[in-house]
Amino acid sequence: MAVYAPLMSAAEPADEREKQARTGRIERLHVHMELLATILLAIAAVATAWSSYQSARWSGVQAIDFSKANAARVESTRAATEAGQETQVDVLTFTQWVNAYAMKDARLADFYFARFRSEFKPAVHAWVATHPLKDPHAPPTPFSMPQYKLASKAESRRLLAEAEQGTAEARQSNQRSDNYVLAVVLFAAALFFAGISTKLKAPGQRITLLAFGYLLFIGATLWVATFPVTISI
């Protein structure tokens with residue numbers, strides 16, 4: 001028994017040193033993971049705040065776009081109504097002019113002709129030049145002539161196109177806002193995994209959760225990097 005005692009006493013310090021070394025490595029690993037978790041928590045918190053700000057900004061842009069589109073649509077309707085009223089005036093004066101011409105009342109015909117709107121007269125002149133009383137293939141009325149153009153009608157179409165464009169931009173802004181909201185959720189998930197990893201004791205579990213959190217954060221960051229940005233100071 002006395003022969004093996006020195007051997008046992010020499011082995012015990014070696015085992016103890018190995019145990020201490022392993023404990024030291026585990027502690028250093030925990031320290032590194034704590035640092036990585038802290039970094040992830042910090043940058044994910046900043047990314048979450050940024051995405052929330054951008055989501056709110058794009059919601060505001062969406063509201064402005066919809067407001068402009070609605071205003072343009074209202075103005076388009078007003079211009080279309082004005083065009084309809086002008087057409088009615090042209091139809092009435094033209095009808096009276098034709099009646100006066102048919103009755104061979106030159107004075108009355110000249111009276112109505114002088115009161116044709118400036119936009120209508122070129123169409124009437126062009127129509128008369130086609131000799132509609134002699135040519136059966138002539139356009140039936142001046143309203144069929146390409147010279148008959150209403151500025152209010154063109155304005156109505158322009159405003160309607162502007163309204164449609166504004167609506168499309170508003171929908172796009174809404175989608176961008178929704179994308180940033182989803183980014184907030186992804187960054188919040190990365191925060192969650194980073195925070196949970198600090199509560200676990202098993203190194204393997206901590207590494208798994210922390211790695212998943214980093215992968216989620218990096219993927220969300222690369223996706224957000226493709227988003228447009230709007231800033232107001």
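pLDDT is the predictor's confidence in each residue, from 0 to 100. The mean pLDDT of this protein is 87, and 87% of its residues reach 70 or more. The model is predicted: local features need pLDDT of at least 70, side-chain atom pairs count only at pLDDT 80 or more, and totals for chains, interfaces and linings use all residues. Residues are numbered from 1 along each chain as its sequence is written, and side-chain values use heavy atoms, with hydrogens and water left out.

Colour by confidence. Helices here are DSSP runs (H or I, at least four residues), numbered from the N terminus. Confidence is lowest in helix 1, at a mean of 83, and highest in helix 4 (residues 151-197), at 94.

Next, select Trp97, Val98, Tyr101, Ala102, Trp127, Val128, His131, Pro132, Leu133 and Lys134, which line the largest pocket. A pocket is an open set of points on a 1 Å grid over the protein atoms alone, where a 1.4 Å probe fits, with protein on both sides within 12 Å along at least five of seven lines; lining residues have an atom within 4 Å of a point. Helix 1 gives the most to this lining, with four residues.

Now select helix 5 (residues 203-224).

Definitions and conventions
Helix = DSSP H or I, 4+ residues; strand = E, 2+ residues; numbered from the N terminus. Expected span 1.5 Å × (residues − 1).
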